[in-house]
Amino acid sequence: MAKIEKIELRMVDLVPKVKRTDAIQSFVSQETPIVTITDADGAQGTGYSYTIGTGGSSVMRLLADHLAPRLIGRDADMIEAIWHELEFATHATTIGAITSIALAAIDTALWDLRARKQGLPLWKLAGGAKDRCPLYTTEGGWLHIEAEALVEDALQAKAKGFRGSKVKIGKPTGAEDFARLSGVRKALGEDYEIMTDANQGFAVDEAIRRAGRLRELDLAWIEEPLPADDIDGHVRLSSSTATPVAIGESLYSIRHFREYMQKGACSIVQVDVGRIGGITPWLKVAHAAEAFDIPVCPHFLMELHVSLVCAVQNGKYVEYIPQLDEITGSRMKIEDGHALAPSEPGIGIDWDWDAVNAKSVAEFSTAITG
């Protein structure tokens, strides 16, 4: 692999396509750091990550001041070595979101570059387990949405072939959550999956209580029921309910996932490539989960996660939340409720560079060369 000669940094601020609310917050903006790496052969790879509205400026300064300059002159094919070097260079600030988001954009760009130069789509380069994976939708299940609208959205999704819908929980009372979910179950029947997401909104006793109340609805999972750092609480909850417990959206280290899996604190892993620090650690978590017979159902970033879920044997679902439409030239292909793995070399995202450049925040657009 040729040496890295240039790194271009951009940040695009994207407005969510629909209003998004959950038990603890509103998702009002997606700051999207974008990294393009060019090697001595002129080949390019592009990666990205995201925030939900804060911290993007810090990510960009970390990239520009501390991480990107270290890439100049490196062999771009030594992805593992580069990832560990960059993580160590920032060890005083890890493990945490800002560093992981920055690492993710660089690491994904390196994988895109490698895949393009080898003429392979990412899902084949990273494993090639299958060429499609089932979708579930979250866009119609936000916490502010009325019960009737939840049902209507789920019916439409089922008619399109989607395998399930996620409904946010965390209303003031358990009775309100139960009523909303009961309506969906009654209308959709027993063969349609209902996922739920508490967004870390409960303490452990309340989570156990609500999980007990919801058990009869045969939920696919309860996602992030407790603060992400409460591993013992997740152990208590997991041992108290038959409903699968899903975690991972807010974990930033492969060791955090190891602890959850070793202690039986989860039954579904939702490792997010933008939060874990890139494709390199994402694959480590996914393979570790396979050793525990735990499925991987990653959070968000459907345009990238479709390739990763298709790469690994235990990849189960992709979450449908479209967010890159404004800056891409083509969309993720969907057939009978399944996301199709991209056939093009690279990570499979067709960037519309005119749109990206038009929407880039000028103060964070820069190029670093040797």
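Student: Why is Y136 called buried?

Tutor: Y136 has a relative accessible area of 0%. Buried means under 20%, exposed means over 50%, and partly exposed lies in between (1.4 Å probe, protein chains only). So Y136 counts as buried. This is a predicted model, where local features need pLDDT of at least 70, side-chain atom pairs count only at pLDDT 80 or more, and totals for chains, interfaces and linings use all residues. Residues are numbered from 1 along each chain as its sequence is written, and side-chain values use heavy atoms, with hydrogens and water left out.

Student: How many aromatic pairs does the structure hold?

Tutor: Seven. Rings of Phe, Tyr and Trp (its six-membered ring) pair if their centres lie within 6.5 Å; planes under 30 degrees apart are stacked, over 60 edge-to-face, and the rest tilted.

Student: Why is the pair of F162 and Y320 called edge-to-face?

Tutor: The ring centres are 5.4 Å apart and the planes stand at 90 degrees, so the pair is edge-to-face. F162 lies in the loop between α5 (147-159) and β5 (164-168), and Y320 in strand β10, so parts 158 residues apart in sequence are tied together.

Student: Are these two residues buried or partly exposed?

Tutor: F162 is buried, at 9% relative accessible area. Y320 is partly exposed, at 23%.

Student: What makes R114 sit over the ring of W111?

Tutor: R114 lies over the face of W111, 5.1 Å from the ring centre. A charge sits over a ring if NZ of Lys or CZ of Arg is within 6 Å of the ring centre and within 35 degrees of the ring normal. R213 lies over the face of F178 in turn, at 4.7 Å.

Student: What about C297?

Tutor: The closest cysteine sulfur to that of C297 is in C133, 10.0 Å away, again too far. A search of the whole structure finds zero disulfides.

Notes:
A disulfide is a pair of cysteine sulfur atoms within 2.5 Å. Helices (H or I, at least four residues) and strands (E, at least two) are DSSP runs, numbered from the N terminus.
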